[in-house]
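Here is a short report on aromatic contacts and model confidence. Look over the sequence and the structure before reading on.

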4 protein chains.
Amino acid sequence: MGKEVIHRVQVEFGDCDPARIVWFPNFFRWIDAASRNFFVQCGVPPWHELEQSHGIIGTPLVDTQARFIQTASYGDRLDIHTRITEWRGRSFVQHYRVMRDTTAILECTEVRIFAARRSGSEPGIRAVEAPPDIRAMCS
Amino acid sequence: MGKEVIHRVQVEFGDCDPARIVWFPNFFRWIDAASRNFFVQCGVPPWHELEQSHGIIGTPLVDTQARFIQTASYGDRLDIHTRITEWRGRSFVQHYRVMRDTTAILECTEVRIFAARRSGSEPGIRAVEAPPDIRAMCS
Amino acid sequence: MGKEVIHRVQVEFGDCDPARIVWFPNFFRWIDAASRNFFVQCGVPPWHELEQSHGIIGTPLVDTQARFIQTASYGDRLDIHTRITEWRGRSFVQHYRVMRDTTAILECTEVRIFAARRSGSEPGIRAVEAPPDIRAMCS
Amino acid sequence: MGKEVIHRVQVEFGDCDPARIVWFPNFFRWIDAASRNFFVQCGVPPWHELEQSHGIIGTPLVDTQARFIQTASYGDRLDIHTRITEWRGRSFVQHYRVMRDTTAILECTEVRIFAARRSGSEPGIRAVEAPPDIRAMCS
């Protein structure tokens, strides 16, 4: 099943919209942090170190699917249960369950890549093979 | 096919991350604005008026799927082509193609509901049937 | 001097801009959370409860001044030291020192009010006198 | 007095908080975009080009002071009137008036610097003298 890491989030007033519930793009903000925190908790060095050692600048998203099950609001404490459920050549599947205690709030499945900068001064990124040492730390 | 509305977005410096590309939760911020702008352009009154007339406070997300095709960066002008592709009892499918000129950047398919406040002081929302007048304006 | 509360923030990748430092509006996001957390830690009930008991919906900003001393970047852990330094009729002064260990990152002084909704359906807010029980809890 | 540039902003639902008014950090998001747009409208090349030609990566904030005069809410169209009111060696003063038609919403005065990357791989920035050609374009 692979390692599971829990990333805790405190929902703030400013995360909520005039309907008084979390404005949904904020869930993706937290999921992105949970994604990175997963790697940190698995022992993977931060991306600015990985850029020096492996040329990798991050794990941008290729595809995401999210199902919003219950609303959340300010004062809520959310736990984002994060795992990598599949490794594929230059991409991997990362899965998130956002829980408020035992209530499921959101379920999200992403495909991400390991990205390196394009050569030259041109902005933009390219996908690279998952480094075996990183893959071992996360499994 | 239903009406199509184009929502234009200017990518700002602060929308981009240390990899110098749009940080992905910002796409969902823009898609949410495109969703609302679609209704406005179709002639639907703003939600704070709809709350008075129909009890509807917004169209929160139930499910979203997005495919990130190309990165975007600051200075880019993006056009979000928005349509409703399906009406289902208390929910509907809204579809977005984010384009930079003729380059596809992102494709997104959402299921949203028409939401009313729960009764009482309790925070939270409930789904209601799509009002026929709104449905007619958007088709 | 009044009570001091420390609000801890973890700087995430997505909080940083293409210059690889925290994009400054995010500091205000955290300061707003620190402001509210100050009241919570002082024993003041959350705003959605205060709306029932006191008619107060929040403490919006009237004036802010911030001095950016050092940059911060992802991976940093910031401590926001928060106090109320002055009470004035319908407003109060809240002060923040954002620290990374012993390094001062930012200093901010705000004037905020206690706000109630305007009567009727009209959006908007009005300032009300600081409730004595809240003032006592925070001093 | 120097050139004035107007940056237009459409307030979206998601920019507002449970009090149904613009959540204040969003004003700083728009002011940052207005700051950059000012330079673009004055004919200054975008920062990623300036990095090549002048080594300048942006104009980060040193000090900001903002006065919140009236609230704004979704549906509002805001015009941010932007000028540089003072040039000082390695910094400059940029001034913003946020207007909804003829209603003043917010007034903001910033001190910003022209920033270059620190040498080496270390993150962080340093202030440099305002390039005379940029200064001429903005006056």
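## What counts as buried

A residue is called buried if its relative accessible area is under 20%. The model discussed here is predicted.

## Aromatic pairs

Over all chains, the count comes to 50 aromatic pairs. One of them joins C:Phe24 and D:Phe28. The arrangement is edge-to-face, with 6.1 Å centre to centre and 75° between the planes. This pair crosses between chains. C:Phe24 sits in the loop between β1 (5-10) and α1 (25-41) of chain C, while D:Phe28 belongs to helix α1 (residues 25-41) of chain D. Are the two residues buried or exposed? Both C:Phe24 and D:Phe28 are buried.

D:Phe38 and D:Phe39 also form an edge-to-face pair. Their centres are 5.5 Å apart, and the angle between the planes is 85°. D:Phe38 and D:Phe39 are both buried.

One aromatic cluster takes in residues of chains A and B. From chain A come A:Phe24, A:Phe27, A:Phe28, A:Trp30 and A:Phe68. From chain B come B:Phe24, B:Phe27, B:Phe28, B:Trp30 and B:Phe68.

## Arginines over rings

The charged end of C:Arg36 sits over the ring of A:Phe13, at 3.8 Å from the ring centre. D:Arg36 lies over the face of B:Phe13, with 3.7 Å to the ring centre.

## Confidence

The model scores ipTM 0.90 and pTM 0.92. Chain A has a mean pLDDT of 92, and 96% of its residues reach 70 or more.

Which element of chain A has the lowest mean pLDDT? That is helix α2 (residues 47-54), at 83. Strand β1 (residues 5-10) of chain A has the highest, 98.

Terms used
Residues are numbered from 1 along each chain as its sequence is written. Chains are lettered from A and ligands numbered from 1 in the order in which they are written. This is a predicted model: local features need pLDDT of at least 70, side-chain atom pairs count only at pLDDT 80 or more; totals for chains, interfaces and linings use all residues. Side-chain values use heavy atoms; hydrogens and water are left out. Rings of Phe, Tyr and Trp (its six-membered ring) pair if their centres lie within 6.5 Å; planes under 30 degrees apart count as stacked, over 60 as edge-to-face and the rest as tilted. Helices (H or I, at least four residues) and strands (E, at least two) are DSSP runs, numbered from the N terminus. Buried means under 20% relative accessible area, exposed over 50%, partly exposed in between (1.4 Å probe, protein chains only). A charge sits over a ring if NZ of Lys or CZ of Arg is within 6 Å of the ring centre and within 35 degrees of the ring normal. pLDDT is the predictor's confidence in each residue, from 0 to 100.
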